[in-house]
Amino acid sequence: MSRFLLIGAPGAGKGTQAERLAQTFSIPAISTGDIFRFNVKNETALGKQAKAFMDRGEYVPDSLTNDLVRDRVSQADAVEGFLLDGFPRTGDQVVELDSILAEQGKSLDVVIQLTADTDEVVRRLLNRAIEQGRADDTEPVIRRRLEVYEEQTAPLISIYASRGIVIMIDGLGEVADVTERILEALAARGFEPGL
Ligand code: AMP
């Protein structure tokens, strides 16, 4: 069983690493940002509500976010484990995730904190704006997203650290090197693919 969470500032490389780790461990990567973007693109009711928040770099309200995660982690492919990317992002969401998992007799195993300095993440996000054209990758919105991360999400790390489940990983450098660092740190905690 591997129930992991990736946490880090926007642009720290969570999405990229989430895909690689999910593949290595044969578990689904669950990204609330991707789920919201899918809904925005397909103009669903959820997408229409979420879009206004996302375009400003603000968090989507918990009333729209929590049920979505509850449904997703309860699906069959997540029974053996999952990697959460981008949820929880607030203290209330931590409480919500704890209760969703507790209902299933489960808990998080490891929180992988990806670090990267601000100049680097702004540079990466501006590049991604050119490559992918994400509406929330314009400079003022990027700055707001970083602010919101510092205010609302960075404090979660100490909550998980007090449970002794955080591994801190330097997110700078080649993608494959960062993956290797994460895999080593997970192995040191007894989490290896195929076990
Ligand atoms: P991400 O791709 O994880 O950076 O998410 C993109 C955007 O989706 C965020 O800036 C938020 O507007 C929204 N979002 C994703 N996950 C959450 C969450 N757990 N809580 C609230 N909003 C979220």
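User: What does leucine 101 touch, leaving out residues up to four places away in sequence?

Analyst: In this predicted model, leucine 101 touches Phe82, Lys106, Ser107 and Leu108. Leucine 101 itself lies in helix H5.

User: Why is leucine 101 called buried?

Analyst: Buried means under 20% relative accessible area. Leucine 101 has 1% relative accessibility, so it counts as buried.

User: How far is leucine 101 from proline 61, in sequence and in space?

Analyst: The two are 40 residues apart in sequence, and their C-alpha atoms are 20 Å apart.

User: Phe82 is a contact of leucine 101. What else does phenylalanine 82 touch, again leaving out residues up to four places away in sequence?

Analyst: Besides Leu101, phenylalanine 82 touches Ser2, Arg3, Phe4, Ile27, Pro28, Ile30, Val73 and Leu108.

User: Which residues touch the most other members of the largest nonpolar core?

Analyst: They are Phe82, Leu108, Val111 and Tyr160, in a core of 36 residues. Elements that give two or more residues to this core are strands E1 (2-7) and E3 (81-85), together with H3, H4, H5, H6 (118-132), H7 (139-153) and H8 (156-162). Apart from this core lies another, of 19 residues, which includes Ile167, Ile169, Val178 and Leu183. As background, nonpolar side chains tend to be buried together in soluble globular proteins.

User: What makes H4 and H5 roughly parallel?

Analyst: The axes of H4 (residues 62-73) and H5 (residues 91-103) cross at roughly 25 degrees and come within 11 Å. Angles under 35 degrees count as roughly parallel, and H4 and H5 are therefore roughly parallel to each other. H4 passes H5 in a right-handed crossing.

User: Which residues make the contact of H4 with H5?

Analyst: From H4 come Asp62, Thr65, Asn66, Val69, Arg70 and Val73, and from H5 come Asp92, Gln93, Glu96, Ser99, Ile100 and Glu103. By class, this contact has five charged, four polar and three nonpolar residues.

User: At what angle do the axes of H2 and H3 cross, and is the crossing left-handed or right-handed?

Analyst: The axes of H2 (residues 32-41) and H3 (residues 45-56) cross at roughly 115 degrees and come within 8 Å. The crossing of H2 and H3 is left-handed.

User: Which residues of H2 and H3 meet, and how do they divide by class?

Analyst: Gly33, Phe36, Arg37, Asn39 and Val40 in H2 meet Leu46, Gly47, Ala50, Lys51 and Met54 in H3. The residues of this contact divide into five nonpolar, three polar and two charged; Gly is among those counted as polar.

Technical notes
Residues numbered from 1 in each chain as written. Predicted model: local features only at pLDDT ≥ 70, side-chain atom pairs only at ≥ 80, totals over all residues. Heavy atoms only, no water. Axes fitted to C-alpha atoms, helices over the stretch in contact; angles between N-to-C directions. Helix = DSSP H or I, 4+ residues; strand = E, 2+ residues; numbered from the N terminus. Parallel < 35°, antiparallel > 145°, perpendicular 65-115°, else oblique. Left-handed = near helix turned anticlockwise from the far one by under 90°. Contact = heavy atoms within 4.5 Å. Core = buried A, V, L, I, M, F, W, Y, C linked by side-chain atoms within 4.5 Å. Buried < 20%, exposed > 50% of the residue type's maximum accessible area, 1.4 Å probe, protein only.
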